[in-house]
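Dear colleague,

I am passing on the structure we spoke about, together with a written account of what came out of it. Please look through the sequence and the coordinates before you read on.

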Amino acid sequence: MAAARRPNALLRNPAAKIAAIPMILAVLFVFVGGTIWTVVYSFTGSRLLPRTNWVGLDQYERLWGTSRWLVAIENLLIFGTLSLIFTIGIGFLLAVLMDQKIRFEDTFRTIMLYPFALSFVVTGLVWQWILNPQFGVQHIVRDLGWETFTFDPLNDPDIVLYGLLIAALWQGTGFVMCLMLAGLRGIDDEIWKAARVDGIPKWKTYLFIVVPMMRPVFITTLVIVASGIVRLYDLVVAQTSGGPGNASQVPAMYVYDYMFQAQNLGQGFAASTMMLLSVLIVLIPWAYLEFGGKKGRGRG
Amino acid sequence: MKLTACLMGASALALATAAHATELEVTHWWTSGGEAAAVAELAKAFNASGDTWVDGAIAGGGSTARPIMISRITGGDPMGATQFNHGQQALELVEAGLMLDLTDVAEAEGWREKVFPPSLLDACTVDGRIYCAPVNIHSPEWLWLSNKAFEEAGVPVPTNWNEFVAAAPALEAAGKIPLALGNQAWQSNLAFGAITVAVAGLDVWKSVNVDKNMDVAAGPEMAAVFEAAANARLLAAKSNVQDWNQATNLVITGQAGGQIMGDWAQGEFQVAEMVAGEDYTCLPGLGLNTYLSTGGDAFYFPKNDDPEIEAAQKRLAALLVSPEVQVAFNLKKGSLPIRGDVDLAAANDCMKKGLEILAGGNLVPSGDMVWSPDVQNQAQDLLVEFMKSDMAPADAHAAWVEILSSGI
Amino acid sequence: MADVMTSAALQAGPRGRRPRRAFSTSNIVIYGILGLVSLYYLLPLWVMVMTSLKGMPEIRLGNIFAPPVEVTFEPWVKAWAEACTGLNCDGLSRGFWNSVQILIPSVLLSIAVASVNGYALVNWKFKGSEVFFTCLIFGAFIPYQVMLYPIVILLREMGLYGTLWGLVLVHTVFGMPILTLLFRNYFASLPEELFKAARVDGAGFWGIYFRVMLPMSLPIFVVAIILQVTGIWNDFLFGVVYTKPELYPMTVQLNNIVNSVQGVKEYNVNMAATLLTGLVPLVIYFASGKLFVRGIAAGAVKG
């Protein structure tokens with residue numbers, strides 16, 4: 001690079017440094033500073049206002065002894081696992097179907113992707129309406145003659161997560177499909193030719209050759225989808241408000257409720273620190289895989 | 001914030017000739033039909049006095065609205081006035097010196113003598129200074145019954161909770177939901193509180209919630225309350241609505257036998273043009289113990305640098321407690337006034353029942369007044385889980401005692 | 001040319017065997033599945049539109065999937081102009097204009113900042129720039145809840161809390177990671193010779209940015225605009241936490257109106273309100289077509 005050729009790099013190109021100031025400020029004050037601040041204050045007994053009355057790990061002990069938090073974590077694990085498997089599985093299958101040189105590809109893609117343009121609030125409200133037991137799916141199937149048909153996920157604590165899942169899949173699978181399709185199209189044509197020459201069946205080529213080659217796409221998708229799942233908030237607020245009972249609580253709701261509603265900031269900070277930790281568990285191995293081996297890759 | 005204050009100051013200056021016209025933004029969570037009509041009365045009175053009411057309604061109930069209000073006050077963008085349930089919700093804001101001291105207004109207006117029951121003003125008092133203006137009383141311990149549902153089930157309309165439980169099998173046989181209960185957490189909490197007052201009685205309620213006697217909280221009386229609540233959740237098992245007024249609607253249409261809900265449910269029956277005693281029955285204290293816990297709404301006034309705004313805040317505070325506004329507001333709202341010296345002749349039967357209990361002094365303070373929001377929230381989380389799952393009563397009881405103990 | 005590189009993946013065309021006959025078994029299976037799947041995706045949109053065009057009596061009696069017997073636009077009018085939150089009975093219209101007011105400066109500011117940033121990161125590297133960039137990308141994955149309260153404090157200290165500009169700033173900061181990544185990758189894909197030639201000609205930082213980079217980057221700007229418009233329009237959390245009721249964006253107001261308890265729930269008005277709120281991102285989406293796809297693919301896959 002131009003700057004590297006000459007010494008005294010600190011004073012050169014002041015314009016470039018000035019241009020980078022917003023990024024530096026955002027990183028220092030919000031992303032790094034804000035995160036550290038929250039983690040530090042999670043060791044205090046702050047109530048409505050942040051205070052530095054240190055209480056050690058009390059907030060964490062209480063957090064992990066609270067039934068609602070445990071339910072939220074369990075929900076996150078169940079919902080997260082199912083959601084990952086289904087979004088990535090369905091997304092990939094749809095991408096494979098779309099890759100079969102079909103007619104109306106653009107139309108199909110437009111249809112599958114439009115929910116992704118809509119907000120979670122909109123998604124939650126629509127599915128709340130479709131799953132409404134009095135008017136929605138249950139009512140219609142019963143009208144068709146199957147009188148005992150029962151499908152009321154939003155009011156049944158045992159299956160409420162599936163109600164959320166249906167909505168989340170509707171919103172997100174089209175997006176994953178697009179990522180996967182881009183990945184499929186990025187596979188070298190020669191691979192296909194070689195596989196065809198060798199007489200390998202198509203499904204085998206996909207499963208044993210293409211999928212391993214698409215590993216980076218899968219990993220990126222996994223990270224994006226997973227970090228989205230940890231954040232899950234709007235959808236639950238709009239669709240179930242965490243109910244019935246505590247059956248569809250998620251960590252993000254716990255954080256918000258305890259920070260602002262219960263006026264217990266310390267507890268909210270402890271919970272959000274745990275959310276951060278769960279993201280790091282996903283993120284660090286990925287970052288290691290992605291960036292670990294390739295230092296200084298400046299140009300794409 | 002400084003800028004806003006400056007601008008407001010400037011605009012106040014510009015309008016100084018037109019008496020003392022100051023804009024005050026007032027935030028609250030009164031968004032249902034009846035509530036909005038009641039707020040309109042407050043706005044009308046305030047505007048008539050020369051100032052301007054800027055409405056800042058936040059929908060979704062107090063649990064949605066309070067976080068927004070608090071973060072605005074702590075975020076340095078205070079509104080002119082804001083609703084809270086009186087009690088401990090704003091305690092820390094007061095202690096942090098973020099709320100305006102209204103003691104001089106209260107003394108000038110004689111609140112100490114006029115506000116009834118006095119506990120309402122006590123809930124506004126921190127270290128002997130008064131920080132809020134109470135506007136109404138809410139009592140949550142009511143059982144609302146659909147006469148039609150019981151008629152169709154072929155059983156007489158119950159006169160108390162025990163009869164209601166006994167009649168439940170007949171309701172179920174007639175294809176009805178015995179008890180309507182919305183999914184939102186606060187509704188389970190409310191039902192549990194009502195059952196506590198009704199089943200365990202006043203003394204137990206007071207020793208647990210006021211004296212904070214944890215031996216009583218862990219004792220057999222409360223165990224019986226948990227059993228009764230476990231029974232109630234069976235009766236509510238088929239209730240599958242979210243909002244409280246949807247649950248009320250089940251009662252109105254006769255699909256459900258009854259609902260435990262606060263006096264504000266009254267408004268829904270009125271909108272549906274139903275007559276108390278004929279179409280529906282209301283049982284305060286669930287018909288067992290005619291005691292009501294009196295929580296309610298109050299307005300707090302965040303501190304402001306601008307003397308013009310402070311003066312307007314004090315004018316609004318005085319206005320809210322004045323007899324005329326109390327009558328106009330509470331008639332629309334269906335709630336009870338906070339002073340005993342006003343005439344509510346226009347009140348309907350259920351409201352009158354409430355007034356009688358109020359006059360008789362059969363009152364207990366509400367949970368908002370005696371427990372911190374943190375404890376309240378934890379208890380609510382526990383109770384909604386209990387009411388909406390098959391958690392064993394003994395387990396819930398033990399967890400509940402632990403939560404209360406942590407709040408002493 | 002650069003255009004081709006970014007979108008190469010999508011424009012290379014499908015793989016696999018060419019279809020032989022129109023009605024082969026595999027074709028029937030493929031189109032059958034895609035047809036069914038499309039139905040699942042389209043169903044909610046259909047239900048929203050149909051419900052919003054019915055009167056309440058028809059909703060109570062009928063089938064949510066059935067088209068209206070009697071078409072009425074009243075729910076739309078009500079959702080737009082009459083639905084109440086407290087004393088403010090001006091429906092979603094206020095939220096719409098608030099959203100527009102939040103959207104325009106947020107989109108402009110965030111894209112301006114991020115594009116200059118991406119350009120500096122590629123062509124004007126300085127010591128530590130990659131470290132900051134890595135932190136920024138990590139920032140994209142940190143749950144917002146972690147930074148929620150510190151930002152309240154930051155905004156308070158700046159005197160911006162509760163103002164429109166406060167929210168604009170928040171959107172700019174949180175749009176930064178993905179947009180910077182997008183621009184960085186794009187500028188990195190431009191041939192280095194262009195930059196070098198301009199340097200030799202004596203152009204400086206801004207000169208090259210405005211005269212060389214900008215004219216070549218129209219497509220990526222469009223992609224960024226699409227990303228930001230939909231993202232900011234759909235935001236709920238920041239709108240709730242960092243503004244006040246009179247400035248609520250449309251998404252927040254939608255949730256308010258739908259959850260305003262007023263007697264019987266008016267499902268038709270709710271659905272009309274929901275559709276109205278979704279309309280802006282939908283229009284952007286349908287109008288932009290492949291650019292939208294490219295935006296999300298470019299932003300995500302090339303991390």
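What pattern does chain A follow when it is read along the sequence? Chain A follows the pattern α-α-α-α-α-α-α-α-α-α-α-α-α-α, and its secondary structure comes to 14 helices and 0 strands, where helices (H or I, at least four residues) and strands (E, at least two) are DSSP runs, numbered from the N terminus.

Before the details, please keep in mind that this is a predicted model, in which local features need pLDDT of at least 70 and side-chain atom pairs count only at pLDDT 80 or more, while totals for chains, interfaces and linings use all residues. Residues are numbered from 1 along each chain as its sequence is written, and chains are lettered from A and ligands numbered from 1 in the order in which they are written.

Chain A has a radius of gyration of 24 Å, whereas a compact globule of 300 residues would have one near 19 Å; the radius is taken over C-alpha atoms, and the globule rule is 2.2 Å times the number of residues to the power 0.38. The C-alpha trace of chain A spans about 65 × 60 × 30 Å along its principal axes. Of the 300 residues in chain A, 49% are buried, a residue being buried if 20 or more other C-beta atoms lie within 10 Å of its own, exposed if 12 or fewer, and partly exposed in between, with C-beta atoms placed from the backbone. Among contacts in chain A between residues at least 6 apart in sequence, 69% join residues at least 24 apart, and two residues are in contact if their C-beta atoms, placed from the backbone, lie within 7 Å.

The contact between chain C and chain A takes 83 residues from chain C and 85 residues from chain A. On the chain C side, helix α2 (residues 25-52) of chain C provides the largest share, 11 residues. By class, that side of chain C has 56 nonpolar, 21 polar and 6 charged residues, where Ala, Val, Leu, Ile, Met, Phe, Trp, Tyr, Cys and Pro count as nonpolar, Asp, Glu, Lys and Arg as charged, and the others, Gly among them, as polar.

The two domains of chain C

Chain C is divided into domain 1 (14-72) and domain 2 (93-301), with bounds that come from an automatic or database domain assignment. The centres of these two domains of chain C, taken over C-alpha atoms, are separated by 33 Å, and the contact between them takes 8 residues from domain 1 and 7 residues from domain 2. On the domain 1 side, α2 and α3 (56-61) of chain C are the elements that give two or more residues, and the largest share, 4 residues, comes from α2(C).

Chain B

The secondary structure of chain B comes to 20 helices and 12 strands. The radius of gyration of chain B is 22 Å, close to the 22 Å that the globule rule gives for 408 residues, so chain B is as compact as a globular protein of that length. Buried residues make up 59% of the 408 residues in chain B.

For chain B the assignment gives domain 1 (2-138 + 295-354) and domain 2 (142-293 + 365-406), whose C-alpha centres lie 30 Å apart. Each of these domains of chain B brings 20 residues to the contact between them. On the domain 1 side, α17(B) gives the most, with 5 residues, and the residues of that side divide into 3 nonpolar, 15 polar and 2 charged.

Strand β1 (residues 23-28) of chain B runs parallel to strand β2 (residues 52-57) of chain B, and 6 bridges join them; two strands pair if DSSP finds at least two bridges between them. Within this pair, B:Thr27 stands opposite B:Gly56 in β2(B).

Finally, B:Asn189 lies in helix α10 (residues 185-209) of chain B. Why does B:Asn189 count as buried? B:Asn189 has 21 C-beta neighbours inside 10 Å and therefore counts as buried. Not counting residues up to four places away in sequence, B:Asn189 touches B:Ala379, B:Gln380, B:Leu383 and B:Val384. The C-alpha atoms of B:Asn189 and B:Leu382, which are 193 residues apart along the chain, are separated by 8.8 Å.

With best wishes
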